[in-house]
Amino acid sequence: MIKKYKKKPIAIEAVQFIDTAERIEEIFKFMNNETMRVDYSVYNHPAILIETLEGTMRAEENDYIIKGVNGEFYPCKPEIFLKTYEEVAE
């Protein structure tokens, strides 16, 4: 039998990758100095390489880096992020 499910309303932390020294430093601190590398090997397409349990994931500029419920980090495309999450007022 096919059932429908919905996501539980869980607040997450995320930061959008913009290729500036300040934002890269902010992401590094956000990730608690976890293993990440900035990759400039593709001209005009900077990326952050994030080590995850599933292997190395690539966050391209404007992607969001999400801190998951178990403290893990992973990238998310902006169009998916904006459909899935909304900002929480503090």
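Contacts between residues 24 or more positions apart make up 33% of this chain's contacts with a separation of 6 or more, where contact means heavy atoms within 4.5 Å. Keep in mind that this is a predicted model, in which local features need pLDDT of at least 70, side-chain atom pairs count only at pLDDT 80 or more, and totals for chains, interfaces and linings use all residues. Residues are numbered from 1 along each chain as its sequence is written, and side-chain values use heavy atoms, with hydrogens and water left out.

**Overall layout**

- The chain has two helices and six strands, taken as DSSP runs numbered from the N terminus (helices are H or I with at least four residues, strands are E with at least two).
- Reading along the sequence, you get β-α-β-β-β-β-β-α.
- The C-alpha trace covers about 45 × 35 × 25 Å along its principal axes.

**Surface and charge**

- Of the 90 residues in the chain, 28% are buried; here buried means under 20% relative accessible area, exposed means over 50%, and partly exposed is in between (1.4 Å probe, protein chains only).

**The largest pocket**

- The largest pocket holds about 660 Å³ of space, a volume filled by probe spheres set on grid points that are joined across faces, edges and corners.
- It has 21 lining residues, and the closest to its centre are Ile-10, Ala-11, Ile-12, Tyr-85 and Glu-86.
- Strand E1 (13-16) and helix H2 (78-84) are the elements that give two or more residues to the lining, and H2 has the largest share, with three residues.
- A pocket here is an open set of points on a 1 Å grid over the protein atoms alone, where a 1.4 Å probe fits and protein lies on both sides within 12 Å along at least five of seven lines; lining residues have an atom within 4 Å of a point.

**Two asparagines with positive phi**

- Most residues other than glycine have a negative phi.
- Asn-44 has a positive phi near 65 degrees and sits in the loop between strand E2 (36-39) and strand E3 (47-52).
- With 59% relative accessibility, Asn-44 counts as exposed, and its C-alpha is 9.7 Å from that of Glu-61, 17 residues away in sequence.
- Asn-62 also has a positive phi, about 80 degrees, and lies in the loop between strand E4 (55-60) and strand E5 (64-67).
- Asn-62 is partly exposed, at 36% relative accessible area.

- Met-31 is in the loop between helix H1 (21-30) and E2, and counts as buried because its relative accessibility is 1%.
- Beyond its neighbours within four places in sequence, Met-31 is in contact with Met-36, Ile-50, Ile-65 and Phe-73.
- Met-31 and Gly-71 are 40 residues apart in sequence, with 9.0 Å between their C-alpha atoms.
- Gly-71 is in the loop between E5 and strand E6 (73-76) and is partly exposed, at 32% relative accessible area.
- Gly-71 and Lys-3, 68 residues apart in sequence, are 29 Å apart C-alpha to C-alpha.
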